[in-house]
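Trainee: Could we go through this entry together? I would like to discuss some side-chain pairs and then a helix packing.

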Amino acid sequence: MIMKVVVAGLMLLASADPGGGGGGVEVRTSQGKNYRAVELKNSRIVLSGNGRGGKSDGYRLKRPCWYEPAQNAEEMMDFQRWVTRVDRYEPKTRSETLKKFQEKLGKEGRWWTIAHDSSDPNGLSCQLAMDSYVFVPPNTTPPGGITLQELVDIARAALTVPEPKIKLSPDARSYVNLPTWVWLDGAGETTRSVTATLPGVMSATVTAVLKNIKIDPGTGDERAKKSEEGCGQTGTPYAKGEKFTCGVTYLRASVDQPRDVYTLTVTSVWEVGVQADVVPFAYDPIQVGATRDVEVGEVQSTVRGSG
């Protein structure tokens with residue numbers, strides 16, 4: 001069975017086999033904590049794609065542990081014999097350990113083993129509360145067995161995006177009523193995807209597209225006027241003679257602010273989600289931000305009398 005769904009520029013591919021910053025100025029992240037993307041333990045799932053290695057928004061799996069299909073009865077028996085021999089079990093302990101695997105020899109079906117997300121604080125405790133091995137008849141998914149929906153969720157949890165690198169013009173210092181242009185430096189690819197594959201069973205790809213940036217000048221409307229109508233995906237770099245359409249115009253100096261600066265935040269917004277009758281998904285956008293300190297001064301003028 002092959003499914004291909006495109007929603008608002010986002011694509012999920014799922015196949016299931018029923019058998020089986022700028023200029024030396026301080027740049028600080030606006031995230032309250034450093035999130036870790038999903039980390040699979042004791043899992044056969046393979047993660048791939050260009051959506052890894054960036055900034056996670058902290059998305060968590062709804063269930064941090066699950067069963068995955070593993071060996072058939074004979075293959076598992078051979079594996080357990082090897083494990084108990086290598087680990088040098090006492091003869092009695094070895095016999096007791098192998099007993100439940102011996103009982104399944106000659107029967108149709110497959111052992112399912114437990115895996116978990118170690119980035120989730122509850123991942124390990126979830127795994128420890130479940131049996132390590134469950135024998136399942138053909139074409140059957142056990143309670144707690146991974147589903148296509150959960151595989152898509154794992155791909156979503158693994159999806160990361162670049163942290164914004166803010167560029168400003170003017171860069172070091174701005175002035176009252178002078179437009180401060182805002183854009184992202186080296187935004188890179190604006191489409192990111194992660195594929196989660198359970199070999200021989202099913203695969204799912206979740207793709208996110210950079211939609212726009214949001215600007216928070218770090219103060220209220222009485223002190224700053226922001227312009228976002230021309231920001232597009234990554235903001236608008238300064239160009240002499242061009243119309244100002246993306247950035248902030250500060251209306252008052254920052255001298256009375258903490259540390260004598262405004263804290264400007266730029267957040268990149270990535271649309272991610274998919275829905276279909278068989279795989280109904282609707283994810284919130286991924287939003288990742290960074291901050292810049294903006295010092296705003298006043299232009300001083302001197303009037304001299306004649307004579």
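Trainee: Is Asp57 buried, partly exposed or exposed?
Mentor: This is a predicted model. In it, Asp57 is partly exposed, because its relative accessible area is 21% and buried means under 20%.

Trainee: Which side chain does Asp57 meet in a salt bridge?
Mentor: The partner is Arg156, with a distance of 2.8 Å from N to O.

Trainee: And is Arg156 buried or exposed?
Mentor: Arg156 has a relative accessibility of 2%, so it counts as buried.

Trainee: Which residue does Arg63 pair with?
Mentor: The side chain of Arg63 forms a salt bridge with that of Glu150, at 2.8 Å from N to O. Because Arg63 is in the loop between β5 and β6 and Glu150 is in helix α4, this pair ties together parts that are 87 residues apart in sequence.

Trainee: What about accessibility there?
Mentor: Arg63 is partly exposed, with a relative accessible area of 29%. Glu150 is also partly exposed, at 21%.

Trainee: How many salt bridges does the count come to?
Mentor: The count comes to 10 salt bridges. One of them joins the side chains of Arg81 and Asp78, at 3.4 Å from N to O.

Trainee: Changing topic: at what angle do α1 and α2 pack?
Mentor: Helix α1 (residues 73–86) and helix α2 (residues 91–102) pack at an angle of about 170°, and their axes are 10 Å apart. The angle makes α1 roughly antiparallel to α2, because angles over 145 degrees count as roughly antiparallel.

Trainee: Which residues meet in that packing?
Mentor: From α1 they are Met76, Met77, Gln80, Arg81, Thr84 and Arg85. In α2 they meet Arg94, Thr97, Leu98, Phe101 and Gln102.

Trainee: How do the contact residues divide into nonpolar, polar and charged?
Mentor: Four are nonpolar, four are polar and three are charged. Arg81 is among the residues of this contact, and its side chain also meets that of Asp78 in the salt bridge discussed above.

Key: Residues numbered from 1 in each chain as written. Predicted model: local features only at pLDDT ≥ 70, side-chain atom pairs only at ≥ 80, totals over all residues. Heavy atoms only, no water. Axes fitted to C-alpha atoms, helices over the stretch in contact; angles between N-to-C directions. Helix = DSSP H or I, 4+ residues; strand = E, 2+ residues; numbered from the N terminus. Parallel < 35°, antiparallel > 145°, perpendicular 65-115°, else oblique. Contact = heavy atoms within 4.5 Å. Nonpolar A, V, L, I, M, F, W, Y, C, P; charged D, E, K, R; others polar. Salt bridge = Lys/Arg side-chain N within 4 Å of Asp/Glu carboxyl O. Buried < 20%, exposed > 50% of the residue type's maximum accessible area, 1.4 Å probe, protein only.
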